[in-house]
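Hi everyone, thanks for coming.

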Amino acid sequence: MTRKVIVLGEIREGELRNVSFEGIAAAKTVAEGGEVVAVLLGESVGNLAPEMIQYGADRAVVVENPKLASYTPDGFSQAILAVVEQEQPDAIIFGHTALGKDLSPKVASKLGSGLISDAVAIEAAGGNVVFTRPIYSGKAFEKKIVTDGLIFASIRPNNIAPLEKDASRTGEVSSVSVEIKDLRTIIREVAKKAIQGVDLTEAKVIISGGRGVKSVEGFKPLQELADVLGGAVGASRGACDAEYCDYSLQIGQTGKVVTPDLYIACGISGAIQHLAGMSNSKVVVAINKDPEANIFKVADYGIVGDLFEVVPMLTEEIKSLLV
Ligand code: FAD
């Protein structure tokens with residue numbers, strides 16, 4: 001059975017986020033040979049449509065409106081609902097990002113559909129599309145099949161590999177004009193926290209520090225290791241609560257959910273709330289003085305030792321391998 005699938009492209013600072021391309025790959029699986037339509041919403045975003053096509057979308061629909069310059073749930077839901085009305089898709093894919101988590105339930109309720117949120121894998125089998133998603137804070141996974149009606153899912157970033165970009169791929173780009181009414185939120189200004197380096201949610205390598213890091217200065221060796229590996233620094237809530245670092249670095253149940261290729265946990269005990277945010281990392285390395293620390297239960301590699309000795313040694317070793 002072929003399906004028409006629409007994918008919401010996510011834009012940050014004038015650029016498409018990786019999750020947009022992962023969404024296209026997910027949509028291809030769901031479409032089972034049907035059509036994949038990329039949707040871009042914003043003030044002036046049509047220039048990004050060809051890139052969605054180069055990553056595998058068959059065509060793109062653009063809704064441009066000054067009221068969509070910044071994300072608001074009212075504005076974006078009106079715009080996407082207008083596209084859904086026009087396109088009549090069989091399936092919709094969003095990223096399970098801050099934006100997607102906010103927007104998808106609103107759109108699903110307006111459409112009267114269900115929502116499979118936070119899918120980490122999708123496969124098409126025997127005429128059904130099977131979504132895998134974590135439950136119980138990542139302790140188990142469930143498989144979901146939509147047997148009837150619209151398929152609506154949000155996908156966890158960094159889990160579904162995007163297709164290779166093909167610069168020669170072309171497709172139709174059309175625009176839909178939508179009158180955006182009754183905005184209950186107006187964004188006057190976006191004040192950004194100055195965070196240097198790689199975005200945690202998209203980082204392939206994360207060096208994370210816990211209360212064992214002991215101070216603001218204690219994060220310096222972690223940053224050095226992250227720089228050598230081209231990664232980002234994260235933290236446990238223990239480290240954030242102790243004011244060793246900013247809460248924007250917090251990983252876990254009440255922080256960010258990350259799925260890097262490599263997660264190095266330094267001085268983190270491995271509380272269940274922390275594991276909820278990182279246990280789906282591809283390779284986990286734990287450095288902890290306590291051989292009984294819970295983090296070793298989820299680690300692929302464990303180093304029992306003082307992080308202030310181990311982390312600089314790792315940095316030096318990796319540096320020597322890179323020259
Ligand atoms: P600790 O548990 O104090 O562990 C510090 C570790 O460092 C120890 O294992 C110790 O052996 C090791 N250590 C000390 N010195 C060194 C050294 N020199 N070298 C190597 N190892 C050393 N936590 C999160 O992380 N994220 C969340 O999103 C989150 N959400 C929560 C939500 C709720 C509702 C609740 C109740 C809690 C939440 N927590 C969260 C808190 C969580 O329960 C833990 O308290 C927290 O994760 C502990 O942080 P930690 O591992 O850094 O500190």
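Let's start at threonine 72, where a polar atom of the side chain lies 3.1 Å from the backbone nitrogen of glycine 75. That pair counts as a polar contact, meaning N or O atoms within 3.5 Å; within protein, one must be able to donate a hydrogen and the other to accept it, and residues adjacent in sequence count only if both atoms are side-chain atoms.

Before going further, a word on ground rules. This is a predicted model, so local features need pLDDT of at least 70 and side-chain atom pairs count only at pLDDT 80 or more, while totals for chains, interfaces and linings use all residues. Residues are numbered from 1 along each chain as its sequence is written, and side-chain values use heavy atoms, with hydrogens and water left out.

Back to threonine 72, which sits in the loop between strand 5 (59–64) and helix 3 (73–87). Helices here are DSSP runs of H or I with at least four residues, strands are runs of E with at least two, and both are numbered from the N terminus. Is threonine 72 buried or exposed? Its relative accessibility is 3%, so threonine 72 counts as buried; the cut-offs are under 20% for buried, over 50% for exposed and partly exposed in between, with a 1.4 Å probe and protein chains only. Not counting residues up to four places away in sequence, threonine 72 touches Leu183, Thr185 and Ile187, where contact means heavy atoms within 4.5 Å.

Now for helix 3 itself. Its axis and that of helix 4 (residues 98–111) come within 10 Å and cross at roughly 55°. The axes are lines fitted to C-alpha atoms, for helices over the stretch in contact, and angles run from 0 to 180 degrees between N-to-C directions. Helix 3 and helix 4 are therefore oblique to each other: under 35 degrees would be roughly parallel, over 145 roughly antiparallel, 65 to 115 roughly perpendicular, and the rest is oblique. Residues meeting here include Phe76 and Ile80 in helix 3, and Leu103 and Val107 in helix 4. By class, this contact has 9 nonpolar, 1 polar and 4 charged residues. Nonpolar covers Ala, Val, Leu, Ile, Met, Phe, Trp, Tyr, Cys and Pro; charged covers Asp, Glu, Lys and Arg; the others, Gly among them, are polar.

What about helix 5 (residues 220–229) and helix 8 (residues 307–322)? Their axes come within 9 Å and cross at roughly 20°, so helix 5 and helix 8 are roughly parallel to each other. Among the residues that meet are Leu225 and Val228 in helix 5, with Val311 and Ile318 in helix 8. By class, that contact has 11 nonpolar, 1 polar and 2 charged residues.

Next, lysine 143, found in strand 10 (residues 140–145). Lysine 143 counts as exposed because its relative accessibility is 56%. A polar contact of 3.3 Å joins its side chain to that of threonine 132.

At 25% relative accessibility, glutamate 32 counts as partly exposed, whereas aspartate 182, at 67%, counts as exposed.

Thanks, everyone!
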